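Subject: Structure handover

Hello,

Here is the structure I promised. My notes on it follow below.

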Amino acid sequence: MKAITLKSYGTADDLELTDHPEPKVAPGEVLVRVKAAGVNPVDWKLGAGMLDDFVESRFPRSPDGTWPGSSSGSGSTCPSSPSATRSTVHPQGLGAARRLRREGVGPRADAGPQARLALLGAGRGLPLAGLTAYQALDRVGVREGWTVLIHAAAGGVGSLGAQIAVARGARVIGTASESNHAFLRGLGVEPVTYGEGLADRVRALAPDGVDAALDFVGGEALEVSLELLGDPGRLASIVDPQVTGHGGHYVWVRPDSAGLAALGRLADEGRLTVPVAEVLPLADAARAWRLSSEGRTRGKLVLAVEQH
């Protein structure tokens, strides 16, 4: 089977397409045959060594320890373990939150605890970005009737977070470049252009400020959000740990099969879709890395993994 690996921290140019044996399956685990994998900023950040202060890495490895495997994958399970249950052996789309294993490579098949798996049905491509958005919304308690400011609302995490917030009955104001405003309106979001004067543009839509803010981009997001919020405890960031010093929340996604199942239900109901910017073959992983690191992608980048 094929996998994308790194021999050490590096750049997109250092990615290699290599052959690996099918992983062994321990009792209590199931084998996941990955058909598609979402590309997330955490992948290239880990591969470049940007998260080395708090994430242990062993080489050779995939950028996320599982890429293109379980961090944001969909595929099917195989009854390779005697203890695998019927509920997890299923041909539907299936996601594994964060990592099935914390070390090693990311092949076309991976083994891991069935407790971290959830059937996604129509929600393929949701796992990492979807759970990140879902948990950020939960952390600040977004609910019906709230006005929520989402920074980078057209991105992979932001576009999902916006839809989840709308599904909860919240009013969503989202920052994006003007070229993405029509896209956001299609998601039920009121778009505003980021950059100088952002706080004033948001106040033009919400004179009393916002009830919660989610930072999915960094930069000016914290400062602007704090200016618009009455309670800093309703601010969450997945980018800037300094948010905690202001009384907000730094969100690092955690495995959550119940959360995955909730995302799957929203997708099956047609209330949550994964905007796909581009589907690339596994051999083009380096291009996917570069596109993701540029930070201008609308929706999700996906690697298609051929099955034999």
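Aspartate 215 is buried, with a relative accessible area of 0% (buried means under 20%, with a 1.4 Å probe and protein chains only). This is a predicted model: local features need pLDDT of at least 70, side-chain atom pairs count only at pLDDT 80 or more, and totals for chains, interfaces and linings use all residues. Residues are numbered from 1 along each chain as its sequence is written, and side-chain values use heavy atoms, without hydrogens and water.

Aspartate 215 belongs to strand 11, residues 212-215 (strands are DSSP E runs of at least two residues; helices are H or I runs of at least four; both are numbered from the N terminus). Its contacts (heavy atoms within 4.5 Å), leaving aside neighbours within four places in sequence, include His151, Ala221 and Asp240.

Now the core. The largest nonpolar core has 43 residues (buried Ala, Val, Leu, Ile, Met, Phe, Trp, Tyr and Cys joined through side-chain atoms within 4.5 Å). Val142, Ile150, Ile164, Leu184 and Leu214 touch the most other members. Strand 11 is among the elements that each supply at least two residues. Helix 2 gives the most, with eight.

Last, the helix packing. The axes of helix 2 and helix 7 come within 10 Å and cross at roughly 100° (lines fitted to C-alpha atoms over the stretch in contact, with angles from 0 to 180 degrees between N-to-C directions). The two helices are therefore roughly perpendicular (65 to 115 degrees). Helix 2 brings Pro127, Gly130, Leu131 and Tyr134 to the contact; helix 7 brings Gly259, Leu260, Ala262 and Leu263.

Best wishes

How values were computed. Buried means under 20% relative accessible area, exposed over 50%, partly exposed in between (1.4 Å probe, protein chains only). Angles under 35 degrees count as roughly parallel, over 145 as roughly antiparallel, 65 to 115 as roughly perpendicular and the rest as oblique.
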